[in-house]
Amino acid sequence: MLFDTLTIVGVGLIGGAIGLAAKQRGIVGRVVGVGRDRARLQTALELGAIDAIALDLAQGVRDADCVLFAAPVDRIAEQALEAAAFCRRGAILTDAGSTKQAIVERVEAGLPGHVRFVGGHPLAGSEKKGVEHARADLFIDRLTVLTPTERTDAEAVARLRDFWQALGARVQVMTPAEHDRALALTSHLPHLLASALAGILPAEWAALTATGFRDTTRIAGGDPALWTPIFEQNRAALLDALDQLDARLQQFRAALNTADAHAIDSLLFQGKRMRDALGS
């Protein structure tokens, strides 16, 4: 057992999956769910994702060895700093947010010395939301990124590495800035593109959408309330990723304008080669 008590703040899809997996694998003794909506927490309790409900953050973290924040990214730092004052000495705080630099910098600037914080991000999820869609196998063979800095406690990083590996995940360590640059291209830009493509579809052509359009735009069904703060917090890196995309689109535009079949074929081949290398 890695932690006697794990507190999850935000028991939705990701938080619920963490609770289910940790309980199923015997990694923690007890899981406490913290949130503002008693009905949602009751659903999490009935589904077995948590063992106890806490509507008050101070009460929910008081006995925790580890507190994991799975809220929207614009709430995580504030929640972590608020919770830290009520945590026991030596408690580990971490998160599952899709941005890291803004969160880590703010938490480290105000974190009291009796607790430890390690930024984290499991690269798993769905366009669906809510604990009812959580699965205990969500993290199996999926990557989780930990983002320590020179101020981060090494023992806390090691314990969280063990925790995520026990959930079935692979773990990679990166700086917060490296994480945000990478995720801008691999996660945030794809969501922006899916939303843009879905947004320009004329209603009268909806019946003509088949597998290609629907697969390409699937993630546009994600909750805007989650994605807007992600775009805001990772604005600079996302703009850089958009610049890279613009450059590639200009190559396609030039090839189409000149009817250069060879250039079109070459660009398509480059994309296919990289996509094939990712596997299924």
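**Entry 1: the nonpolar cores.** I began with a term: a nonpolar core is a set of buried Ala, Val, Leu, Ile, Met, Phe, Trp, Tyr and Cys residues joined through side-chain atoms within 4.5 Å. Buried means under 20% relative accessible area, exposed over 50%, and partly exposed in between, with a 1.4 Å probe and protein chains only. I noted that this is a predicted model, in which local features need pLDDT of at least 70, side-chain atom pairs count only at pLDDT 80 or more, and totals for chains, interfaces and linings use all residues. Residues are numbered from 1 along each chain as its sequence is written, and side-chain values use heavy atoms, with hydrogens and water left out.

The largest nonpolar core has 37 residues, and L6, I18, V28, F139, F163, W164 and L167 have the most contacts inside it. Helices here are DSSP runs of H or I with at least four residues, strands are runs of E with at least two, and both are numbered from the N terminus.

Leaving aside neighbours within four places in sequence, F163 is in contact (heavy atoms within 4.5 Å) with L2, F3, L6, I18, A22, I27 and V28. A second, separate core of 27 residues includes V67, F69, V115 and W227. I jotted down a general remark beside this: in soluble globular proteins, nonpolar side chains tend to be buried together.

**Entry 2: strand β1 and its partners.** Strand β1 (residues 3–9) has six of its seven residues buried. Two strands pair if DSSP finds at least two bridges between them. By that rule β1 runs parallel to strand β2 (residues 28–34), joined by six bridges, and F3 stands opposite V28. β1 also pairs with β4 in the parallel sense, over four bridges, with L6 opposite C66.

Next I checked the handedness: a crossover is right-handed if, with the strands pointing away from the viewer, the path from the first strand over the helix to the second runs clockwise. β1, helix α1 (residues 13–24) and β2 make a right-handed β-α-β unit.

**Entry 3: strand β5.** β5 covers residues 92–95; I92 and T94 point one way, L93 and D95 the other, and all are buried. Four bridges join β5 to strand β4 (residues 66–69), in parallel, and F69 has D95 as its bridge partner. Three bridges join β5 to strand β6 (residues 116–118), again in parallel, with I92 opposite R116. The chain crosses from β5 through helix α5 (residues 101–110) to β6 in a right-handed β-α-β crossover.

Why does T94 count as buried? T94 counts as buried because its relative accessibility is 0%. Beyond its neighbours within four places in sequence, T94 is in contact with residues including C66, V67, F117, V118 and L160.

**Entry 4: helix α7.** Helix α7 (residues 176–199) bends by about 50 degrees at A184, the bend being the angle between axes fitted to the seven residues ending there and the seven starting there. A184 is among the buried residues of α7, as are P176, L183 and H188.
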